[in-house]
Amino acid sequence: AVSFLERALAIEEHTGSVDAAQTHLNLCATLSQLQRHSDALNHAQSALIRIYETLSPLMLTGELAAVGADAGRDPEAGRSEGLQEQVTVLCIAYHNLAVEH
């Protein structure tokens with residue numbers, strides 16, 4: 001499983017996919033189950049960095065706060081759901097970071 005996740009991560013990072021953060025978290029969970037906590041911690045940190053790279057411009061412009069305030073009324077509901085999913089990934093990254101630290 002680890003080798004497939006590492007291959008998926010290499011592809012996502014090469015293409016600049018926002019899903020790379022989630023793959024880092026999947027690697028973190030898998031490595032943690034294998035008792036490779038140091039490697040798991042590195043992937044939790046990488047996930048946190050990746051998701052911040054995505055969310056920080058939205059935080060600075062206030063767009064992210066507007067999404068939370070307009071939940072359910074946003075005409076661009078798909079974008080709102082995508083941003084909410086990314087915030088969830090951020091929370092999971094912090095959780096995994098704490099567990100592995």
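A salt bridge is a side-chain nitrogen of Lys or Arg within 4 Å of a carboxyl oxygen of Asp or Glu. Arg36 and Asp39 meet this rule, with N and O 3.2 Å apart. The structure is a predicted model, in which local features need pLDDT of at least 70 and side-chain atom pairs count only at pLDDT 80 or more, while totals for chains, interfaces and linings use all residues. Residues are numbered from 1 along each chain as its sequence is written, and side-chain values use heavy atoms, with hydrogens and water left out.

**Overall make-up**

- The protein chain has 5 helices and 0 strands, where helices (H or I, at least four residues) and strands (E, at least two) are DSSP runs numbered from the N terminus.
- Along the sequence, the pattern reads α-α-α-α-α.
- Of the 101 residues in the protein chain, 33% are buried; buried means under 20% relative accessible area, exposed means over 50%, and partly exposed lies in between (1.4 Å probe, protein chains only).
- Among contacts with a separation of 6 or more, 56% join residues 24 or more positions apart, a contact being heavy atoms within 4.5 Å.

**Helix α2**

- Helix α2 covers residues 20-33, which is 14 residues.
- From its first C-alpha to its last, α2 reaches 20 Å, close to the 20 Å expected at 1.5 Å a residue; the expected span is 1.5 Å times one less than the number of residues.
- The buried residues in α2 are Ala20, Ala21, Thr23, His24, Leu25, Leu27, Cys28, Leu31 and Ser32.
- After α2 comes Gln35, which has a positive phi near 65°.

**Helix α3**

- Helix α3 has 25 residues that should span 36 Å at 1.5 Å a residue, and its end C-alpha atoms are 36 Å apart, which agrees.
- At Leu55, α3 bends by about 40°, and the proline Pro57 follows within four residues; the bend is the angle between axes fitted to the seven residues ending at a residue and the seven starting there.
- Buried residues of α3 are Ala40, Leu41, His43, Ala44, Ala47, Leu48, Ile51, Leu55 and Leu58, so Leu55, where the helix bends, is one of the buried residues.

**Salt bridges**

- Side chains of opposite charge can pair when their charged atoms come close.
- The structure has 3 salt bridges.
- Glu13 pairs with Arg50, and the closest N and O atoms are 3.2 Å apart.
- Glu13 lies in helix α1 (residues 2-15) and Arg50 in helix α3, so this pair ties together parts that are 37 residues apart in sequence.
- Arg50 also forms a salt bridge with Glu53, again with the closest N and O atoms 3.2 Å apart.
- Both Arg50 and Glu53 lie in helix α3, 3 residues apart, about one turn of the helix.
- Through shared partners, Glu13, Arg50 and Glu53 are joined into one network.
- An α-helix has 3.6 residues a turn, so residues three or four places apart point the same way.
- Glu13 is partly exposed at 35% relative accessibility, as is Arg50 at 30%, and Glu53 is partly exposed at 46%.
- In the pair formed by Arg36 and Asp39, Arg36 is partly exposed with a relative accessible area of 38%, and Asp39 is partly exposed at 30% relative accessibility.

**Aromatic pair**

- The structure holds 1 aromatic pair; rings of Phe, Tyr and Trp (its six-membered ring) pair if their centres lie within 6.5 Å, and planes under 30 degrees apart count as stacked, over 60 as edge-to-face and the rest as tilted.
- The partners are Tyr52 and Tyr94, which are edge-to-face, with 6.5 Å from centre to centre and 85° between the planes.
- Tyr52 lies in helix α3 (residues 37-61) and Tyr94 in helix α5 (residues 77-100), so the pair ties together parts that are 42 residues apart in sequence.
- Tyr52 counts as partly exposed at 30% relative accessibility, and Tyr94 counts as partly exposed at 40%.

**Cysteines**

- The number of disulfides is 0, a disulfide being a pair of cysteine sulfur atoms within 2.5 Å.
- Cys28 is buried, at 2% relative accessibility, whereas Cys91 is partly exposed, with a relative accessible area of 48%.
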